[in-house]
Amino acid sequence: GRLYLFGGRGERGYVDSAYVYDPEADVWQSIEQLSGKRGFVGAAALLDRIYVVGGYDGRAELALCEVYDPAAGAWGECPSLARPRAGLDLLAVRQNLYAMGGGMESYLAFNERYDPQLDEWARVETPVTGQWIGLGTAFVSPHVYAIGGWKGALLSTNEAYKALYRLYP
């Protein structure tokens with residue numbers, strides 16, 4: 001029931017700020033900062049935690065993964081992405097996270113899926129490859145949709161990836 005804002009770029013460069021918005025009280029409040037200044041991160045909620053991954057610090061794309069526990073008001077660490085990504089989107093699909101897109105400075109040949117039970121990222125093939133930044137993603141079972149963004153030019157594309165399959169014994 002709250003909105004969270006992590007990092008970004010201000011008048012003086014990238015920031016490590018983090019905020020929470022309470023719509024009932026109509027109030028923004030500062031919370032514990034990110035571990036470093038960066039923008040173009042991906043963020044998603046999964047299992048009562050908020051994961052913030054990747055980003056750009058003004059010098060390079062990042063593979064960082066941090067996890068915020070709203071109940072404790074504290075940050076923890078999670079394994080880094082296999083590849084640095086900025087301008088990505090992070091999406092919760094059932095009990096996993098998908099890091100899709102990114103590549104402000106480099107070509108990305110794959111995307112990544114995080115399994116919190118194994119506490120690891122795995123390579124996953126999806127239609128979202130190359131330098132695809134600023135895309136939006138949505139999960140409508142069983143598909144993940146990747147919409148718009150920028151890939152050398154503005155995109156009006158809508159790609160679908162079947163993320164879930166039903167297996168019969």
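Two rings of Phe, Tyr or Trp (its six-membered ring) count as a pair here if their centres lie within 6.5 Å. By this rule, the count for this predicted model comes to 10 aromatic pairs.

**Stop 1: a tilted pair.** Select Tyr 51 and Tyr 114. A pair of aromatic rings is described by the distance of the centres and the angle of the planes. For Tyr 51 and Tyr 114, the values are 5.4 Å centre to centre and 55° between the planes, which makes the pair tilted. Now colour by strand. Tyr 51 belongs to strand 5 (residues 49-53), and Tyr 114 to strand 10. The two residues are 63 apart, so this pair links distant parts of the chain. Are these tyrosines, Tyr 51 and Tyr 114, buried or exposed? Both are buried.

**Stop 2: the sheet around strand 10.** Stay with strand 10, residues 111-115. Show the open sheet of 4 strands, ordered 8-9-10-11 with antiparallel pairing. Its edges are strand 8 (88-93) and strand 11 (120-124), each pairing on one side only. On average, neighbouring strands of this sheet are turned by 25° against each other, direction ignored.

Zoom in on strands 10 and 11. They run antiparallel, joined by 5 bridges. Pick Glu 112. Which residue is its bridge partner in strand 11? Arg 123 is the partner of Glu 112.

**Stop 3: a charge over a ring.** Select Arg 85 and Phe 110. The charged end of Arg 85 sits over the ring of Phe 110, 5.8 Å from the ring centre.

**Stop 4: an aromatic cluster.** Finish with Tyr 4, Phe 6, Tyr 68 and Trp 75. These residues form one aromatic cluster: Tyr 4, Phe 6, Tyr 68 and Trp 75.

Key. Residues are numbered from 1 along each chain as its sequence is written. This is a predicted model: local features need pLDDT of at least 70, side-chain atom pairs count only at pLDDT 80 or more; totals for chains, interfaces and linings use all residues. Side-chain values use heavy atoms; hydrogens and water are left out. Two strands pair if DSSP finds at least two bridges between them. Axes are lines fitted to C-alpha atoms, for helices over the stretch in contact, and angles run from 0 to 180 degrees between N-to-C directions. Rings of Phe, Tyr and Trp (its six-membered ring) pair if their centres lie within 6.5 Å; planes under 30 degrees apart count as stacked, over 60 as edge-to-face and the rest as tilted. Buried means under 20% relative accessible area, exposed over 50%, partly exposed in between (1.4 Å probe, protein chains only). A charge sits over a ring if NZ of Lys or CZ of Arg is within 6 Å of the ring centre and within 35 degrees of the ring normal.
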